[in-house]
Amino acid sequence: MATVNIYLTFNGNCEKAFNFYQSVFGGEFNYVARYNEMPPQEGMPPMSEDDKNRLMHIGLPISKETILMGADNIQNYESHTTFGNNFSIMATGNSKEDADRIFNALAADGRITMAIADQFWGDYMGMLVDKFGISWLVTYELPKG
């Protein structure tokens, strides 16, 4: 069965927000990455020093089944985050095929914003906005090793 978690987007205060959430829920971050760790991406404009230090991804396990995740937007690449577009639903498939099935079904009559593919951090992931305007990240954690 696929799992579903919430993915929050911030305008540069993701780290501050997640430190607050950690103080509320406890636990340890399971992954923290900044944009300066990302390899160069074809067609992506240069990042400012501020953008390079923003969080590209952070995860805070809340329970065995739930992880609160987030990232900052980067100013030269993405639109400004506002109330209403500051979250996505993340669906994690049980296999690449399951992730493809979920991704393709959600993308029907919607808009793909990042094709599903192997990513440099070791996951298989894509992003889309469904036909109802809801943002989704669909992922599968590739086996390590």
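Trainee: Where does Ile62 lie?
Mentor: Ile62 lies in the loop between β3 and β4. Strands here are DSSP E runs of at least two residues and helices are H or I runs of at least four, numbered from the N terminus. Keep in mind that this is a predicted model, where local features need pLDDT of at least 70, side-chain atom pairs count only at pLDDT 80 or more, and totals for chains, interfaces and linings use all residues. Residues are numbered from 1 along each chain as its sequence is written, and side-chain values use heavy atoms, with hydrogens and water left out.

Trainee: Is Ile62 buried, exposed or partly exposed, and what's its relative accessible area?
Mentor: Partly exposed, because its relative accessible area is 33%. Buried means under 20%, exposed over 50%, and partly exposed in between, with a 1.4 Å probe and protein chains only.

Trainee: And how do β3 and β4 pair?
Mentor: β3 (residues 55-61) and β4 (residues 67-72) pair in the antiparallel sense, over four bridges. Pairing takes at least two DSSP bridges between two strands. Pro61 has Ile67 in β4 as its bridge partner.

Trainee: OK, zooming out. What order do the strands take in the sheet?
Mentor: The order is β2-β3-β4-β1-β5-β8-β7-β6, an open sheet of eight strands with mixed pairing. β2 (31-34) and β6 (111-118) are the edge strands, each pairing on one side only.

Trainee: Which strands does α3 touch?
Mentor: Helix α3 (residues 96-107) packs on the sheet and touches β5 (87-92), β6, β7 (123-129) and β8 (135-141). Contact here means heavy atoms within 4.5 Å. The direction of α3 makes about 170 degrees with that of β6. For such angles, axes are lines fitted to C-alpha atoms, for helices over the stretch in contact, and angles run from 0 to 180 degrees between N-to-C directions.

Trainee: Why is β8 called largely enclosed?
Mentor: Because five of the seven residues of β8 are buried.

Trainee: How does β8 pair with β5, and how with β7?
Mentor: With β5 the pairing is parallel, over four bridges, and Ala91 has Val138 in β8 as its bridge partner. β7 and β8 run antiparallel, joined by seven bridges, and Met127 stands opposite Leu137 in β8.

Trainee: What about the hairpin of β7 and β8, which residue takes a positive phi there?
Mentor: Gly133, near 85 degrees. The hairpin has five residues between the strands.

Trainee: Last one: where's Pro40, and is it buried or exposed?
Mentor: Pro40 lies in the loop between β2 and α2 (49-53). Pro40 counts as exposed because its relative accessibility is 82%.
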